[in-house]
Amino acid sequence: MPKAAPAQAPAEAEAGSLDTPVLKTQGLEVSFDGFKAIRGVDFTLGRGELRFLIGPNGAGKTTLLDAICGKVKPSRGSIRFGGTDLAKLQEHRIAQLGIGRKFQAPSVFAELTVYENLELSLKQPRGIWPALTRRLSGEQRDAIDRTLETIGLRDKPKWTAGSLSHGEKQWLEIGMLLIQDPQVLLLDEPAAGMTDKETMQTGELLLTIASDRSIIVVEHDMEFVREYARTVTVMHEGQILREGSMDDIQNDDRVAEVYLGRRGERHA
Ligand SMILES: Nc1ncnc2c1ncn2[C@@H]1O[C@H](COP(=O)(O)OP(=O)(O)OP(=O)(O)O)[C@@H](O)[C@H]1O
């Protein structure tokens with residue numbers, strides 16, 4: 001994977017995040033059969049921010065991402081993205097507006113090549129056949145080439161996705177999101193199951209992407225968070241417990257009590 005372009009300095013990123021929120025939830029609640037998994041969350045994500053979301057099992061991290069991308073519907077509150085409240089929109093509409101979600105398990109087309117997987121992900125009429133039989137414009141080919149470069153698969157466009165390593169499949173899937181040009185990416189444990197080298201390359205990839213997009217990463221691997229986080233949000237029992245730098249988080253007694261103290265450094 002190529003070396004990541006220099007990311008924004010933390011101070012700039014923080015200033016940017018204060019001035020230009022790209023996503024903002026207010027009073028957000030999500031209930032499952034009366035059980036409140038999210039209880040009044042006010043969360044703001046800045047432009048060009050790489051935000052890590054941590055917290056013990058069941059804290060509500062995945063549910064928060066699910067609410068933002070429209071997979072679950074909030075029972076109360078708003079999710080502002082640009083001028084739009086996403087709270088009542090359908091999942092595909094939210095994706096079209098520029099929010100890309102990646103789940104933990106890779107969902108690439110194993111029989112197709114890396115290039116074809118990216119080609120299929122271009123914004124286009126639905127269906128594999130129209131996608132693979134139509135001619136690509138120069139602009140589309142450039143977009144695929146740029147994405148291959150970003151995700152470190154420039155030398156493997158003809159490899160079938162099934163023959164890639166676990167890490168490479170995850171990067172390809174991130175590429176399949178990037179090619180749709182989202183403003184916000186929502187990632188669930190993007191480095192899970194990766195080798196140490198792949199984990200580091202994934203961290204660098206996130207920094208590169210966050211130079212012009214915003215990312216929320218749900219993560220359990222505290223070593224990874226410590227290495228790449230600028231701002232961390234800690235959730236507990238459906239609420240935001242603390243937000244700040246990793247240093248702030250590590251020195252917070254409440255966080256230590258509910259999270260770090262109990263879970264240890266690296267989850268199994
Ligand atoms: N579809 C669902 N139906 C019922 N309860 C759910 C559903 N999804 C999540 N929950 C509950 O909501 C709470 C928050 O779950 P969530 O998966 O968001 O936590 P998390 O912080 O992502 O946890 P983990 O780190 O274990 O993935 C949990 O108590 C969970 O059991």
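**View 1. The shell around the ligand, by residue class.** The shell around the ligand holds three nonpolar, six polar and one charged residues. Here Ala, Val, Leu, Ile, Met, Phe, Trp, Tyr, Cys and Pro count as nonpolar, Asp, Glu, Lys and Arg as charged, and the others, Gly among them, as polar. This is a predicted model: local features need pLDDT of at least 70, side-chain atom pairs count only at pLDDT 80 or more, and totals for chains, interfaces and linings use all residues. Residues are numbered from 1 along each chain as its sequence is written. Around the ligand stand Phe-32, Ala-37, Gly-55, Asn-57, Gly-58, Ala-59, Gly-60, Lys-61, Thr-62 and Thr-63. A residue is near a molecule or strand if its C-beta atom, placed from the backbone, lies within 6 Å of it. Which helix gives the most to this shell? Helix H2 (residues 61–69) does, with three residues. Helices (H or I, at least four residues) and strands (E, at least two) are DSSP runs, numbered from the N terminus.

**View 2. The protein chain as a whole.** Eleven helices and ten strands make up the secondary structure of the protein chain. The protein chain has 268 residues, and 43% of them count as buried. A residue is buried if 20 or more other C-beta atoms lie within 10 Å of its own, exposed if 12 or fewer, and partly exposed in between; C-beta atoms are placed from the backbone. Among contacts in the protein chain with a separation of 6 or more, 69% join residues 24 or more positions apart. Two residues are in contact if their C-beta atoms, placed from the backbone, lie within 7 Å.

**View 3. The four-stranded sheet.** Four strands form an open sheet in the order S2-S1-S4-S5, and the pairing is antiparallel. Strand S2 (35–46) and strand S5 (84–85) stand at the edges, each with a single partner strand, so one side of each is left without a neighbour in the sheet. H2 packs on the sheet and touches S1, S2 and S4. The direction of H2 makes about 70 degrees with that of S2. Axes are lines fitted to C-alpha atoms, for helices over the stretch in contact, and angles run from 0 to 180 degrees between N-to-C directions. Two strands pair if DSSP finds at least two bridges between them.

**View 4. Strand S1 and its two partners.** S1 and S2 pair in the antiparallel sense over nine bridges. Val-30 has Ile-38 in S2 as its bridge partner. Two residues lie between S1 and S2 in their hairpin. Asp-33, in the turn, has a positive phi of about 50 degrees. Strand S1 (residues 21–32) also pairs with strand S4 (residues 76–81), in the antiparallel sense over five bridges. Glu-29 has Arg-76 in S4 as its bridge partner. Gln-26 stands opposite Ser-78 in S4.

**View 5. The six-stranded sheet.** Six strands form an open sheet in the order S6-S7-S8-S3-S9-S10, and the pairing is mixed. Strand S6 (99–102) and strand S10 (239–244) are the edge strands, each pairing on one side only. From one strand to the next, the twist averages 20 degrees. H2 packs on this sheet, touching strand S3 (50–54), S6, strand S7 (184–188), strand S8 (214–218) and S9. The direction of H2 makes about 145 degrees with that of S7. Helix H8 (residues 196–209) lies across S3, S7 and S8, at about 150 degrees to S8. Strand S9 (residues 231–236) pairs with S10 in the antiparallel sense over five bridges. Val-234 stands opposite Arg-242 in S10.

**View 6. The largest nonpolar core.** This core has 66 residues. Those with the most contacts inside the core are Leu-53, Ile-68, Leu-172, Leu-186, Leu-206, Ile-215 and Val-217. H7 supplies the largest share of the core, six residues. A nonpolar core is a set of buried Ala, Val, Leu, Ile, Met, Phe, Trp, Tyr and Cys residues joined through C-beta atoms within 7 Å. Beyond its neighbours within four places in sequence, Leu-186 is in contact with Leu-65, Ile-68, Cys-69, Ile-99, Gly-100, Arg-101 and Ile-216.

View 7. Met-176 lies in helix H7 (residues 166–178). Is Met-176 buried or exposed? Met-176 is buried, because 25 other C-beta atoms lie within 10 Å. Neighbours within four places aside, Met-176 is in contact with Asn-117, Leu-118 and Ser-121. Ser-165 sits in the loop between helix H6 (138–150) and H7. Ser-165 is exposed, with 11 other C-beta atoms within 10 Å. Ser-165 and Met-194 are 29 residues apart in sequence and 9.1 Å apart in space, C-alpha to C-alpha.
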